[in-house]
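Keep the sequence and the structure in view as you go.

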Amino acid sequence: MSGGTRPPELSAHGGNGRPATSGGTGRPAGDGGAGRLEVADVVKAFGANRAVDGVSFVAEAGRITGLIGPNGAGKTTLFNAVAGEYPLDAGSVRLDGEQIGSLPPYRVFSHGLARTFQIPRPFGGMTVLENVMCVPERQAGERFWNSWLRPGLVAREERRNMERAREIIEFCGLTKVERQLAGAISGGQQKLVELARALMADPKIVLLDEPGAGVNPALLDTIVDRIVELNKRGLSFLIIEHNMDFIMSLCDHIVVMATGRVIAEGEPDTVIADPQVIDAYLGGAIQ
Ligand SMILES: Nc1ncnc2c1ncn2[C@@H]1O[C@H](COP(=O)(O)OP(=O)(O)O)[C@@H](O)[C@H]1O
Ligand SMILES: [Mg+2]
């Protein structure tokens, strides 16, 4: 292959039947490939506040699904519940049919679900490269023994890890800042570092919490562009975002939450014309 910045290699996830996208024509949405996230009747309460109050939807494999809704709707709480930060009070979450609800974050992660945070959380005292390199491998396990028994192998793996990190950093447009401390770069660049860290895990689906918030327009274009490119390669996304241009241009399917519940879902054009959705956003502020 040649030309342009190619996405880093994403593995075929054990040959589970994800078809390759053909020459950039269309997305393999809903094809039964990898990254299908099924949220069913999920409840997460903080005391009496049912922040997520019986939420069900499916983020289909190969799709970019948008999760929108006014502040306080429960979107971030849902992300946290799905990613294992909180045990579920009720309901289930399945990734490609496997139950991941209430697993701890590292187990959810090792099933192939990576997420970024609304407020980026880089290790500020480490460089961008170090931040990306230190993401644990999803297929960990043998490493401890390897380090005793086969030091040459470990050195080779570390070199490969660094090469992969640098490839992903380049893909995310961060090469110029890879030696800078992650705490010293712009908020938008930090969001890209989070995306890079998520990609290191070779995930099936990536959950992005407000990737566009506080990001300058040029960097926002880069983020959009990278998401499209990765999606063409079959990576699924679930994205919380307030910027409607961003949502409308990227998403195949939108889920709308308000006060802990799903109030509408469907194709973007239909959903934003839904009176209930407009109502939830206080009389048309969504536009
Ligand atoms: N850690 C927490 N402890 C207590 N209440 C919380 C916590 N996180 C969120 N909430 C409450 O849950 C509700 C949903 O918040 P959140 O999920 O952040 O909404 P959104 O991301 O849609 O803006 C809000 O009422 C918020 O105050
Ligand atoms: Mg939020």
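**Exercise 1: Around the ligand**

Find which element gives the most residues to the shell around ligand 1.

*Solution.* In this predicted model, α1 gives the most, with 3 residues. To see the whole shell, look for Phe46, Asn49, Ala51, Gly69, Asn71, Gly72, Ala73, Gly74, Lys75, Thr76 and Thr77, which surround ligand 1. The elements that give two or more residues to this shell are β2 (49-59) and α1 (75-82).

**Exercise 2: Two helices**

Work out how α5 and α6 are oriented to each other.

*Solution.* Start with the angle: helix α5 (residues 151-171) and helix α6 (residues 187-200) pack at about 140°, and their axes are 9 Å apart. Angles over 145 degrees would count as roughly antiparallel. The two helices, α5 and α6, are therefore oblique to each other. Next, the handedness: α5 passes α6 in a right-handed crossing. On the α5 side, Ala165, Ile168 and Ile169 make the contact, while α6 brings Ala196, Leu199 and Met200. The contact has 6 nonpolar residues, no polar ones and no charged ones.

**Exercise 3: Confidence**

Decide which elements have the lowest and the highest mean pLDDT.

*Solution.* Begin with the protein chain, whose mean pLDDT is 84, with 82% of its residues at 70 or more. Finally, check residues 10-32, where pLDDT stays under 50.

How values were computed
Residues are numbered from 1 along each chain as its sequence is written. Chains are lettered from A and ligands numbered from 1 in the order in which they are written. This is a predicted model: local features need pLDDT of at least 70, side-chain atom pairs count only at pLDDT 80 or more; totals for chains, interfaces and linings use all residues. Axes are lines fitted to C-alpha atoms, for helices over the stretch in contact, and angles run from 0 to 180 degrees between N-to-C directions. Helices (H or I, at least four residues) and strands (E, at least two) are DSSP runs, numbered from the N terminus. Angles under 35 degrees count as roughly parallel, over 145 as roughly antiparallel, 65 to 115 as roughly perpendicular and the rest as oblique. A crossing is left-handed if the near helix is turned anticlockwise from the far one by less than a right angle, and right-handed if clockwise. Two residues are in contact if their C-beta atoms, placed from the backbone, lie within 7 Å. Ala, Val, Leu, Ile, Met, Phe, Trp, Tyr, Cys and Pro count as nonpolar, Asp, Glu, Lys and Arg as charged, and the others, Gly among them, as polar. A residue is near a molecule or strand if its C-beta atom, placed from the backbone, lies within 6 Å of it. pLDDT is the predictor's confidence in each residue, from 0 to 100.
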